[in-house]
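Subject: Structure handover

Hello,

Here is the structure I said I would pass on. My notes on it follow below.

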Amino acid sequence: RNRVDNHNLTGIALVPFPETNATDVPPDKPAANCAAQPKPAPGLKIPDTVLWNAEGNVVRGNVVTNSRLADLGAFDQDASHDNCFADNTFTSSEPADIETLEPCSGKGSGDFTKSPLEVMKLINRTTSPSGDYKTQPAPPAQENMSNAMTAPPRVAGAPPKFDVDAVKVPKLPTS
């Protein structure tokens, strides 16, 4: 139930994550969790950059408008990554007919090669400069955290109950 508007490339896209200095490569079959993932074989040659596919994502109930490349996108060659799209309001998708290709219920159908996501436009995009989080300067004092350095810690506890169905898509800002 997100509202995404006016993006230069895609409003919401599921694309591979490029990891540099990786210590492993993607498995042939995903493990249930990180702890269950087998350790890499000794002597395994790991490329300089490893691409980890987006897997097991649900893109549902969003309103996406005015994207230049596509409102919704996925760099999937087939439905094997268990991603799904449903109940979204959008004008364009790459690949075309994304909610039919990768539905959240039932079996998908269609052609993943029909208007595929131009992932190189995403990879070669101009991005804002970023820094190493370890060398960033400390932020200035925060008005709403006046005693952050001296306040006693509080145990977080269990998260509060949350009614996801009550969440509504926000209106588009007028300015």
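Ala-22 sits in the loop that runs between strand S3 (17–20) and strand S4 (49–52). Please keep in mind throughout that this is a predicted model.

Is Ala-22 buried or exposed? Its relative accessibility is 13%, so Ala-22 counts as buried. Leaving aside residues up to four places away in sequence, Ala-22 touches Ile-46 and Val-50. I also looked at Ala-22 against Pro-103, which is 81 residues away along the chain; the C-alpha atoms of the two are separated by 32 Å.

Next, the overall picture. The secondary structure comes to 2 helices and 9 strands. In sequence order the pattern reads β-β-β-β-β-β-β-β-β-α-α. The protein is more spread out than a compact globule, because its radius of gyration is 20 Å, well over the 16 Å that the globule rule gives for 175 residues. The C-alpha trace spans about 60 × 55 × 35 Å along its principal axes.

Of the 175 residues, 23% count as buried. The protein exposes about 13,300 Å², and carbon and sulfur atoms supply 54% of that area. Among contacts with a separation of 6 or more, 67% come from residues 24 or more positions apart.

Now the cysteines. A disulfide is a covalent bond between the sulfur atoms of two cysteines. How many disulfides does the structure hold? There is 1 disulfide in the structure. That disulfide joins Cys-84 to Cys-104, with an S to S distance of 2.1 Å. The pair links distant parts of the chain, 20 residues apart: Cys-84 is in strand S8 (residues 84–86), while Cys-104 is in the loop between H1 and helix H2 (119–123). The torsion about the S-S bond of Cys-84 and Cys-104 is about 90°, so the disulfide is right-handed.

The two ends of this bond can also be described by their accessibility. Cys-84 has a relative accessibility of 8% and therefore counts as buried. Cys-104 has a relative accessible area of 24%, so Cys-104 is partly exposed.

Last, some points on the backbone. Which peptide bond is cis? The bond from Glu-94 to Pro-95 is cis, with omega near 0°. Pro-95 belongs to the loop between strand S9 (93–94) and helix H1 (98–101).

- Asn-6 has a positive phi of about 65°, although Asn-6 is not a glycine. Asn-6 is in the loop between strand S1 (3–5) and strand S2 (10–14). With a relative accessible area of 47%, Asn-6 is partly exposed.
- Asn-66 is not a glycine either, and has a positive phi of about 60°. The loop that holds Asn-66 lies between strand S6 (63–65) and strand S7 (70–74).

If you want a place to begin in the viewer, go to the disulfide between Cys-84 and Cys-104, then to the cis bond from Glu-94 to Pro-95.

Regards

Key:
Residues numbered from 1 in each chain as written. Predicted model: local features only at pLDDT ≥ 70, side-chain atom pairs only at ≥ 80, totals over all residues. Heavy atoms only, no water. Helix = DSSP H or I, 4+ residues; strand = E, 2+ residues; numbered from the N terminus. Buried < 20%, exposed > 50% of the residue type's maximum accessible area, 1.4 Å probe, protein only. Rg over C-alpha atoms; globule rule 2.2 N^0.38 Å. Contact = heavy atoms within 4.5 Å. Areas by Shrake-Rupley, 256 points an atom, 1.4 Å probe, with all protein chains shown as cover. Disulfide = S-S within 2.5 Å.
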